[in-house]
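Welcome! Take a moment to look over the structure below, and then we can walk through some of its features together.

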Amino acid sequence: MSSAVSEEGRPLTGTNSLKSEHQHGVAVVEGSSVLGLGRARSEGHDDSPRTELLEATDAQIEHAIGFADPFVLRGLMYQLTGDARIEATTAARAEAGSVSYLDGGVDALVISDADIALVRARAVEFLKGYRDRGAGSIDIGPTERLERSLTLAAGQEMPTGDMTMWLEELALDPWARGVEWQTPTPERLQGFSVVVIGAGMGGLNAAAQLKHAGIDFTVIEKNPGVGGTWFENRYPGARVDSPSRSYTHIFGVDFQYPWAFCPWDENQRYFDWVADKFELRDQIHFDTEATSVVWDEDAAEWEVTAEGPDGTRVWRANVVMTAVGILSRPSIPAIEGMDEFEGRLFHTARWPEDLELSGKRIAVIGTGCSGYQLTPELALQAGHVSLFQRKPNWVFPTPGYRTPLPPQVNWLDRNLPFHANFVRFRTNWLTGPEIVGKYLDLDPGWNDDPHSRSAVNKVMRDGCIDFLRQKLGHHPDLLEKMIPVHPPFSARPIAVDPDYSVLDAIVRDNVTLVTDPIVRVTRKGILTGDGIEHELDVIVLATGFKANEFLWPMELRGRGGVGIEEVWAKDGPRAYIGTMVPGFPNLFMLYGPNTNAYGGGGIVNIEEMVTRYALKCMQHLIVEEKRSVEPSEAGYRRYNAVIDEREKRKMYSDPRAHNYYRNEHGRSSTQCPFGTEFMWHSLIEPDYDELIVA
Ligand SMILES: Cc1cc2nc3c(=O)[nH]c(=O)nc-3n(C[C@H](O)[C@H](O)[C@H](O)COP(=O)(O)OP(=O)(O)OC[C@H]3O[C@@H](n4cnc5c(N)ncnc54)[C@H](O)[C@@H]3O)c2cc1C
């Protein structure tokens, strides 16, 4: 054992007992144990070498600590030191809340200057001491203290029933959302295999978890590289609008994100890092598109057919996990004359590498997230930009949206033990159900204002309108065109930089906001309803994706040759807890129907939870020597009745909003009306009363 000790002098022994249970003589170890610390990163300690810290001067340490988030330091320092003075610091509601719903929003909390100074001083003292002791391996401290530490980092009390989920989000155990076996592993593990379709965020997680669990798998990916959304969306301005610290898998906590909101190339770097770190590439068949997935009743196996570089290829597997995303098939509008256009015309997800922008007259059609991200960047580079807008969308000023993080933040990630973990937790908390959830629910009794659907919705709407006025007050014509009719959050909210965004772009001399309807595309440009032909060199379709056509265009046939489209014909795609469908055994959809996070929390979290659920079902099949698992009709109906009931209270049910959140049947197939905590509880253990195992 190394001489590494925590500041309190505790020896570095594994502090966390593994939860294990014996099923028919086979010991199963679950990644998720009581505190989400089944086997923490090196059993609850951080053992990365910190040579950089060893060389840091006192002044450098003091300077860097000045860049740390006070709430993060508060929780982390309490955890590492147990200092009662830190525990006694208080958080209070900020005088003015923020319209940035990603940063605490209307209920944003603050710590007093005196308390911040105390916490920083303690952190400086700790870090100097740690450096002077050799900056070696370090223990997270008592696990029983973690709940209190998280509460201090959150700034408020947390629901006790959800604590295990939040401890998972702290990402001390990179494999908390997977499963493992104790030795000896069951014999049947050898003959068991899985096909994963897609190598984006969901498919890579599935692959890493399957590999960790020792289950044989193959990944089929239609693109030449990993990354999914971020491999495809490379337009200028493409970036996340979830904070990047919450946009990693729990095993990715140590990836150093240099931006609060990373552009596409940084996201791509992350997914490449995942593929390399977990050595997944050898199991991925690139340039290979799955075309059909058919259940073979006799063999109780799936037959997956795909087209790849060597022609048609067929795989057979016990289980299929679809990780094809919902935003991976561009939606191309049917505008007359598109094929006559003499310039270049393409979708945002197909941005040509060789496109020279300088001097070009460019049209952007569509004002969802992509259109609003793209326009301000094009305005800086192109000759002229015309933004064709049918409907405006709400934009939310989000500080730091377009700015890299100060390097000191990444320095802290590298040198202050568990800093990245606590930043991740806090970011997830601020974007989670307890904070963000309230914006997404409407108040059925709200009658005070026809434009909003709840008191807090009105506050956010007023805040957004203030922001629009600040930017467009001198352009009343533009201001009017940029105020949406739908209430905020009933359609996709769009995070923008407070200093430079689409609102700044449309007042520039080289940008025109066009609201007259498009009549047709001509050889030279676009003809609008007012009779003007806008002459163009390039037309960009920022028209979104076929989000409601789940699994399309793959053919998927379950028991008795029934196609999935028949099951979903009535009112669009549905699933049991977002992942399974009766009659389609051993099929798990990641990012399946009603899993697009819309209740607080992120897609990545739900994909991880679904993956763990799928792995637990597989474990059951293997251990119990069964062939298939699928939801009962009753379970499927029960879950979907809850969805239907719940979505009546969601903002997106407002009829004024039109976007991919609702399908042509008037319900949502995409949105998850629950917070991640609900999904966590639903997905933590298979409920065999609602599953048919044969
Ligand atoms: C511009 C943009 C910005 C976004 N920003 C955010 C954000 O800020 N926060 C957030 O949470 N989400 C965001 N999203 C949603 C994003 O899609 C998810 O966050 C996440 O990337 C989904 O990962 P995935 O693996 O499930 O799907 P995808 O990333 O879509 O990956 C699916 C993969 O499956 C492959 N595939 C599809 N069909 C087949 C087939 N038949 N055979 C073989 N391979 C196939 C695709 O090529 C792709 O690689 C954004 C999406 C877009 C388009």
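## Domains and their contact

Five residues of domain 1 touch ten residues of domain 3, where a contact means that the C-beta atoms of two residues, placed from the backbone, lie within 7 Å. On the side of domain 1 that touches domain 3, four residues are nonpolar, one is polar and none is charged. Here Ala, Val, Leu, Ile, Met, Phe, Trp, Tyr, Cys and Pro count as nonpolar, Asp, Glu, Lys and Arg as charged, and the others, Gly among them, as polar. The C-alpha centres of domain 1 and domain 3 are 39 Å apart.

Please keep in mind that this is a predicted model, in which local features need pLDDT of at least 70 and side-chain atom pairs count only at pLDDT 80 or more, while totals for chains, interfaces and linings use all residues. Residues are numbered from 1 along each chain as its sequence is written.

The table gives the domain bounds, which come from an automatic or database domain assignment.

| Domain | Residues |
|---|---|
| domain 1 | 37-157 + 409-433 |
| domain 2 | 187-329 + 549-650 + 657-693 |
| domain 3 | 338-402 + 443-486 + 497-541 |

## Helices

Helices (H or I, at least four residues) and strands (E, at least two) are DSSP runs, numbered from the N terminus. Helix α3 (residues 70-81) packs with helix α6 (residues 146-154) at an angle of about 165 degrees, and their axes are 7 Å apart. The axes are lines fitted to C-alpha atoms over the stretch in contact, and angles run from 0 to 180 degrees between N-to-C directions. The pair is therefore roughly antiparallel, a term for angles over 145 degrees. Among the residues making this contact are F71 and Y78 of α3, and L150 and L152 of α6. Seven residues of the contact are nonpolar, three polar and two charged.

In helix α12 (residues 407-415), the buried residues are V409, W411, L412, D413 and N415. They pack against α1 (51-54), α2 (58-65) and α13 (419-430). A residue is buried if 20 or more other C-beta atoms lie within 10 Å of its own, exposed if 12 or fewer, and partly exposed in between.

## Backbone points to visit

Most residues other than glycine have a negative phi, and most peptide bonds are trans. A171, in the loop between α7 (163-169) and β7 (179-181), has a positive phi near 60 degrees. Because A171 has 26 C-beta neighbours inside 10 Å, A171 counts as buried. D287 also has a positive phi, of about 55 degrees. A cis peptide bond joins W552 and P553.

Definitions and conventions:
Angles under 35 degrees count as roughly parallel, over 145 as roughly antiparallel, 65 to 115 as roughly perpendicular and the rest as oblique.
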